[in-house]
Amino acid sequence: MKFFYLLTFISFLAFPAKSQTSRNLPQDAPARVIRFYPNPAVSQITFDLEQVPEKNYSFQVYNFVGKKVLDIPAVSQKTIVNVTDFYRGVYIFQLRDKSGKMIDSGKFQVSH
């Protein structure tokens, strides 16, 4: 029975509710929010910035063990990421300004 509870807890951490907006903002971050869909993604995922960026932002995606799997040096208001080469699992994205300060971050799931 303990194994069942442990397995349930681990799957809860690995597969959270299907959020479409990111909520992990630093305290002093501007009120920019990225909307992304679909979550979970099968072949591609779309990231929409709520406001048009006034400066160049970079966009990175990391797998769950922290390895960078995607780096886009200049992101536009709408960015579509092909995830067909990604392994199934949870990924973390970060939006940073040109000085490297994190503007927004969140996580999404890839399921093939």
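Does Asp 71 count as buried, partly exposed or exposed, and what is its relative accessibility?

## The model and its salt bridge

The structure described here is a predicted model. Asp 71 counts as partly exposed, because its relative accessibility of 43% lies between the limits of 20% for buried and 50% for exposed residues. This residue forms a salt bridge with Lys 68, and the closest N and O atoms of the two are 3.7 Å apart. Lys 68 likewise counts as partly exposed, at 41% relative accessibility. The count for the model comes to one salt bridge.

Strands of a sheet pair through backbone hydrogen bonds, in either a parallel or an antiparallel arrangement. In this model, three strands form an open sheet in the order S1-S2-S5, and their pairing is antiparallel. Strand S1 (34–37) and strand S5 (78–82) are the edge strands, each of them pairing on one side only. From one strand to the next, the twist averages 20 degrees.

Strand S2, which covers residues 44–49, pairs with S5 in the antiparallel sense over five bridges. Within this part of the sheet, Asp 48 stands opposite Lys 78, a residue of S5.

## Aromatic pairs

The count of aromatic pairs comes to eight. One of them joins Phe 47 and Phe 93, whose ring centres are 5.1 Å apart and whose planes stand at 65 degrees, so the pair is edge-to-face, given that an angle over 60 degrees is counted in this way. This pair links distant parts of the chain, since Phe 47 belongs to strand S2 and Phe 93 to strand S6 (residues 89–96), with the two residues 46 residues apart. Both Phe 47 and Phe 93 are buried.

Tyr 91 and Phe 108 form an aromatic pair that is stacked, with 5.8 Å from centre to centre and 20 degrees between the planes. Here too distant parts of the chain are linked, with Tyr 91 in strand S6 and Phe 108 in strand S7 (residues 102–110), 17 residues apart. Tyr 91 is buried, with a relative accessible area of 4%, and Phe 108 is buried as well, with a relative accessible area of 1%.

## The aromatic cluster

The residues of these two pairs belong to one aromatic cluster, which is formed by Phe 36, Phe 47, Phe 59, Phe 86, Tyr 91, Phe 93 and Phe 108.

Notes. Residues are numbered from 1 along each chain as its sequence is written. This is a predicted model: local features need pLDDT of at least 70, side-chain atom pairs count only at pLDDT 80 or more; totals for chains, interfaces and linings use all residues. Side-chain values use heavy atoms; hydrogens and water are left out. Two strands pair if DSSP finds at least two bridges between them. Helices (H or I, at least four residues) and strands (E, at least two) are DSSP runs, numbered from the N terminus. Axes are lines fitted to C-alpha atoms, for helices over the stretch in contact, and angles run from 0 to 180 degrees between N-to-C directions. Rings of Phe, Tyr and Trp (its six-membered ring) pair if their centres lie within 6.5 Å; planes under 30 degrees apart count as stacked, over 60 as edge-to-face and the rest as tilted. Buried means under 20% relative accessible area, exposed over 50%, partly exposed in between (1.4 Å probe, protein chains only). A salt bridge is a side-chain nitrogen of Lys or Arg within 4 Å of a carboxyl oxygen of Asp or Glu.
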